[in-house]
Amino acid sequence: MKFGIVIFPGSNCDHDAYNVVAEVAKQPATFLWHDSHELENCDAVILPGGFAYGDYMRTGAIAAMAPIMESVRKFAQSGGLVMGICNGFQILCEAGLLPGVLMRNAGLKYICKQVWLRCENPDTPFTNTMRRGEVLKIPIGHMDGNYFCDPATLDGLRRNDRVIFRYATPQGEIAASANPNGSLDNIAGICNQGRNVLGMMPHPDRSSEAMLGSADGFRVFQSMVAALVQK
């Protein structure tokens, strides 16, 4: 299998994602340039965190129009695995691959800290090594992580089990006190209808080795590898 990590001008977590795949998961990985249409026969694509194009419009809006995203859309529509982390989640929403938007944090401040997530759906290529209700410790680092969508979209996400992660207490309680950015329904990550596209604000790439304070994020990458092995 082969993972592709997209680099946009302003990406700053591309090497974090590459390191997890290549050095921790021991899988082939390559960087994909934003101005190219070529996915280089990758089996999974990761849109990393960062500040694509400096976030000079709506966060992720310019990146959504990059040439590489035309190929990512086709890849996703054909069932290919796509994960967007933080800024990558914002790009997936702007590109129409996931519903909703990411707005400015409720406190209007940048937040960088460890948070707790509850796995809401283990039946995806990104969570198949987890249990429903399992709590993971994964850090965030964002200014625009406040997920929002209209009531009909939220109802559809809930009904179809497409909310994958919610911010929770260490005990797994979904509470306002555990929500760091004001996200609707404590949403930290969602998937598309086909379950092959995941967007999440917390950084599994920054929590895939114990020396970083938690290795819980590696479970996401382990799940992706397991899903690709089964293909």
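Which residues of β11 point one way from the strand, and which the other way? Val197 and Gly199 point one way, Leu198 and Met200 the other, and all are buried (under 20% relative accessible area, with a 1.4 Å probe and protein chains only).

## Basis

This is a predicted model, in which local features need pLDDT of at least 70 and side-chain atom pairs count only at pLDDT 80 or more, while totals for chains, interfaces and linings use all residues. Residues are numbered from 1 along each chain as its sequence is written, and side-chain values use heavy atoms, leaving out hydrogens and water.

## Sheet

An open sheet of mixed pairing holds 9 strands in the order β2-β1-β3-β4-β11-β10-β9-β6-β7. Strands are DSSP runs of E with at least two residues, helices runs of H or I with at least four; two strands pair if DSSP finds at least two bridges between them. β2 (29-33) and β7 (135-142) stand at the edges with a single partner strand each, so one side of each lacks a neighbour in the sheet.

## Strand pairs

β11 runs parallel to β4, joined by 4 bridges, and Ile85 stands opposite Met200 in β11. Strand β10 (residues 187-191) is antiparallel to β11, with 3 bridges; Cys191 stands opposite Leu198. These two strands form a hairpin with 5 residues between them, and Arg195 in the turn has a positive phi of about 70°.

Strand β6 (residues 111-119) is joined to β7 by 8 bridges and runs antiparallel to β7. The bridge partner of Ile111 in β7 is His142.

Methods:
Buried means under 20% relative accessible area, exposed over 50%, partly exposed in between (1.4 Å probe, protein chains only).
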